[in-house]
Amino acid sequence: MFRFAILLLALVLTGCATTAPTPEPRELSLAATPGAVLQETVDLLMEEGYVIRHGDVELGRVEAALARWPGYRVRAEVTPEGDAARISMTATRGGRPLPPHLLDRLLAALQTRLGLAP
Amino acid sequence: MRSWWWMPCLLVLAGCQTAPTALPSAEPRPAAECRWEGDGLASEEWVRRALTALEQEGFVIRHTETALGLVNAERTRTVPGYGDFYDRERVGVFGGYGVGGGRGGLATGVMIGFGGGSGGIRRDATRLERVSLVADGDWVRVTRDIQVIDWQGDIREARSASDTDFCLSLRNAMATTDSRGGV
């Protein structure tokens, strides 16, 4: 009976854990070219100690990982927006999305690197 | 069997894990030696040198993007018997007895045996080392991390390893490397 209760509890909790919502991005418009924004994003993530897993200028995409349990991942997408660029960042922890406000520090650092800090 | 009780505790705790309050940076931070000035070399030349140097060190190149001056490579190594330390307490005892009768006699027998947990099966883990290098024209930056993945595919260790030794040896290898593949 006790084992059955444990099994039930495990199933209930597993059910909670499998709901994986799509990460909500944090977006920012920057008065710089998309290429410059992407390069500075890569440099910033390298300074933070992330390993860049993928980067493509034509796709305007960068993906970086941090090996700390349970595994962090940051993805940035840069799209042209008129004369400027728009960056959209998401982060996950162990495959689960992190709240978008956690990316504010990175975005602020990116603005500083581009000389666009308010 | 005696450690069954932590399973529900673990599941409960996994259920209530909270999000961190900040996006983490690598700890320790990349060493100062993992960043150096490009010495006027084009970023494409640094990328070529990095490819040669990393491949000589046994890395497999996973991805490059010359427009960013980016190289991503990884190297795996087997860690023999990594799980044995945890399995050693699983020692079992088995035994049996028998009685046999024949014509004009009776024979009895008892046997007993001890067995270790690993049972002769080697449970090797894999050490995965991932490196990225970015040469943006002014600076060359290197980051590295190391993960140990056990025979069941679970990550046992994960840490950033952008340390002085690795970066210095890579930098020296790149300085003495001809980008056409010679040394």
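Predicted model: local features only at pLDDT ≥ 70, side-chain atom pairs only at ≥ 80, totals over all residues.

Residues are numbered from 1 along each chain as its sequence is written, and chains are lettered from A and ligands numbered from 1 in the order in which they are written.

Visitor: Which element of chain A has the lowest mean pLDDT?
Guide: pLDDT is the predictor's confidence in each residue, from 0 to 100. Chain A has a mean of 90, with 86% of its residues at 70 or more. Among its elements, strand 3 (residues 61-66) has the highest mean, 98, and the lowest, 64, belongs to helix 1 (residues 2-17) of chain A.

Visitor: In what pattern do the elements of chain A follow one another?
Guide: Helices (H or I, at least four residues) and strands (E, at least two) are DSSP runs, numbered from the N terminus. Chain A has three helices and six strands. Along the sequence, the pattern of chain A reads α-β-α-β-β-β-β-β-α.

Visitor: Which element of chain B gives the most residues to the side that touches chain A?
Guide: Two residues are in contact if their C-beta atoms, placed from the backbone, lie within 7 Å. By this criterion, 34 residues of chain B are in contact with 35 residues of chain A. Elements giving two or more residues to that side of chain B include helix 1 (6-15) and strand 6 (125-135) of chain B. The most, six residues, come from strand 7 of chain B.
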